[in-house]
Amino acid sequence: MMAETVSVKGLKQLSKQLKTLPKNIQQRVLDNALRAQARVHVSAAKSLAPVDTGKLRDSIASRTAKKKYRTSRSEVDIGVLTDQGDKK
């Protein structure tokens, strides 16, 4: 799997402001931001996918990781759906 490094300006200030919010709101903001960014990556991946039948392009998707499987506070997986509905 390819890893991507992202640099974000103003993250310390954002983090301070997020900490003033209730925990459930903090989590919702973080999850929504991750899902929004995932949509950008899914769209880019779909635009770069070769199209013969369109199955590969149509199988590229994202999902929010279930809490019990998360390795961090919030996590979004982006991948290709298999016939069983799992992402690889």
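Helices (H or I, at least four residues) and strands (E, at least two) are DSSP runs, numbered from the N terminus. Keep that handy for the tour.

**Before you click**

This is a predicted model, where local features need pLDDT of at least 70, side-chain atom pairs count only at pLDDT 80 or more, and totals for chains, interfaces and linings use all residues. Residues are numbered from 1 along each chain as its sequence is written, and side-chain values use heavy atoms, with hydrogens and water left out.

**Stop 1: the whole protein**

Reading along the sequence, the pattern goes α-α-α-β-β.

Now colour by pLDDT, which is the predictor's confidence in each residue, from 0 to 100. The protein's mean is 80, with 82% of its residues at 70 or more. Helix α3 (residues 55-59) has the highest confidence, at 90, while strand β2 (residues 76-80) has the lowest, at a mean of 82.

How many of the 88 residues count as buried? The share is 19%. Buried means under 20% relative accessible area, exposed means over 50%, and partly exposed is in between (1.4 Å probe, protein chains only).

**Stop 2: V8, L11 and L14**

Select these three and you have a nonpolar surface patch of about 270 Å². Patches are made of residues with over 30% relative accessible area and no salt bridge; like charges are joined within 9 Å, and nonpolar side chains (Val, Leu, Ile, Met, Phe, Trp, Tyr) within 5 Å. V8 sits in the segment before α1 (11-18).

**Stop 3: Q27**

Hop to helix α2 (residues 23-48) and pick out Q27. Is Q27 buried or exposed? Q27 counts as buried because its relative accessible area is 17%. Select R73 too: Q27 and R73 are 46 residues apart along the chain, yet 8.1 Å separates their C-alpha atoms.

**Stop 4: K46**

K46 is in helix α2 as well. With a relative accessible area of 30%, K46 is partly exposed. Which residues does K46 touch, leaving out those up to four places away in sequence? They are R57, D58 and I60. Touching here is a contact, meaning heavy atoms within 4.5 Å.

**Stop 5: R57 and D58**

Show both side chains. Side chains of opposite charge can pair when their charged atoms come close. R57 and D58 form a salt bridge, with their closest N and O atoms 3.1 Å apart. The term means a side-chain nitrogen of Lys or Arg within 4 Å of a carboxyl oxygen of Asp or Glu. The structure holds one salt bridge. R57 is partly exposed at 29% relative accessibility, whereas D58 is exposed at 51%.

**Last stop: S59**

S59 belongs to helix α3. Why does S59 count as buried? Because its relative accessibility is 12%. A polar atom of the S59 side chain lies 2.8 Å from the backbone oxygen of L56. Finish by selecting G79, V80 and L81, which S59 touches when residues up to four places away in sequence are not counted.

How values were computed: Accessible areas come from the Shrake-Rupley method with a 1.4 Å probe; for residues, only the protein chains shown count as cover. A polar contact is a pair of N or O atoms within 3.5 Å; within protein, one must be able to donate a hydrogen and the other to accept it, and residues adjacent in sequence count only if both atoms are side-chain atoms.
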